Amino acid sequence: MTATDIEIAEVLGELNQMAPAGYALGIHIQYTTPRFMFQTYKKEWLDYYSQNGLVMVDPMVLWGFENTGFARWSSLTDDTGVLEKAASYGMHYGIVYATDVGPTRTIGGFARSDREFTDSEAKLMGAAVDKIHLATAKQSALPPETAAQLRKMSVMVTHPGS
């Protein structure tokens with residue numbers, strides 16, 4: 001592992017601690033496809049979300065494509081009931097954070113089951129996302145082994161035991 005790999009792994013670990021009910025982080029989204037994707041939500045939720053094509057109507061995704069900074073899930077318009085359904089999987093509170101430094105956008109959703117995130121927690125998560133976004137900004141400048149390790153970490157985080 002390179003120093004960049006270790007730094008990114010550490011930041012992902014910090015996000016995991018800050019979002020005990022899980023997170024989804026799409027890094028360097030171009031059009032609608034992220035270069036890297038990390039998800040720690042429960043597998044049952046990820047399966048339900050995928051099987052029902054919720055990315056197309058997810059208020060976090062919609063907000064993240066139109067805004068930067070953070071918003072609480074409780075402040076988002078959820079006409080299709082995505083966040084209500086997420087709550088049935090234990091994700092009662094959350095924030096969305098988006099950044100668009102450079103030509104790409106990174107969007108993350110972070111969840112808790114017990115309480116709203118504080119503003120200071122949201123700012124810490126935003127700083128962590130910014131750090132990952134900037135560390136991976138120029139994939140062509142990343143050593144091939146680093147890009148490969150990031151893809152491997154993405155699979156390991158999203159599908160533990162795979």
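The lining of the largest pocket in this predicted model divides into 21 nonpolar residues, seven polar residues and one charged residue. In total, 29 residues line this pocket, and those nearest its centre are Met37, Tyr49, Val55, Asp58 and Val61. The space within the largest pocket amounts to about 560 Å³. Several elements contribute at least two lining residues each: the strands β1 (23-30), β2 (33-39) and β5 (105-112), together with the helices α2 (43-51), α3 (59-66) and α4 (82-87).

These elements belong to a chain of six helices and five strands, arranged along the sequence in the pattern α-β-β-α-α-β-α-β-β-α-α. The chain comprises 162 residues, 44% of which count as buried. Of the contacts between residues at least 6 apart in sequence, 60% join residues at least 24 apart. The chain exposes about 8,400 Å², with 54% of this area supplied by carbon and sulfur atoms.

Helix α3, one of the elements supplying the pocket lining, includes the buried residues Pro59, Met60, Val61, Trp63 and Gly64. The packing partners of the buried residues of α3 are the helices α2 and α4 and the strands β3 (69-72), β4 (93-99) and β5. The N-terminal end of α3 is capped by Asp58, a side-chain oxygen of which is placed 2.8 Å from the backbone nitrogen of Met60.

Tyr23 counts as buried because its relative accessibility is 1%, under the 20% limit. A polar atom of the Tyr23 side chain lies 3.4 Å from the backbone oxygen of Leu12. Tyr23 and Phe38 are 15 residues apart along the chain, and their C-alpha atoms are separated by 7.8 Å.

Most residues other than glycine have a negative phi. His28, by contrast, has a positive phi near 55 degrees. A positive phi of about 60 degrees is likewise found at Tyr31, which is not a glycine. The surroundings of the two residues are as follows. Tyr31 occupies the loop between β1 and β2 and is exposed, with a relative accessible area of 79%.

His28 is also among the contacts of His133, which lies in helix α5 (residues 119-135). The relative accessible area of His133 is 1%, so this residue is classed as buried, the limit being 20%. Beyond its neighbours within four places in sequence, His133 is in contact with His28, Thr99, Val101, Thr104, Arg105 and Thr106. With one of these residues, Thr106, the contact includes a polar contact of 2.5 Å between the two side chains.

Definitions and conventions:
Residues are numbered from 1 along each chain as its sequence is written. This is a predicted model: local features need pLDDT of at least 70, side-chain atom pairs count only at pLDDT 80 or more; totals for chains, interfaces and linings use all residues. Side-chain values use heavy atoms; hydrogens and water are left out. Helices (H or I, at least four residues) and strands (E, at least two) are DSSP runs, numbered from the N terminus. Buried means under 20% relative accessible area, exposed over 50%, partly exposed in between (1.4 Å probe, protein chains only). A polar contact is a pair of N or O atoms within 3.5 Å; within protein, one must be able to donate a hydrogen and the other to accept it, and residues adjacent in sequence count only if both atoms are side-chain atoms. Contact means heavy atoms within 4.5 Å. Accessible areas come from the Shrake-Rupley method with a 1.4 Å probe; for residues, only the protein chains shown count as cover. On a 1 Å grid over the protein atoms alone, a cavity is a set of points where a 1.4 Å probe fits but cannot get out, and a pocket is an open set with protein on both sides within 12 Å along at least five of seven lines; lining residues have an atom within 4 Å of a point. Grid points are joined across faces, edges and corners, and a volume is the space filled by probe spheres set on the points. Ala, Val, Leu, Ile, Met, Phe, Trp, Tyr, Cys and Pro count as nonpolar, Asp, Glu, Lys and Arg as charged, and the others, Gly among them, as polar.
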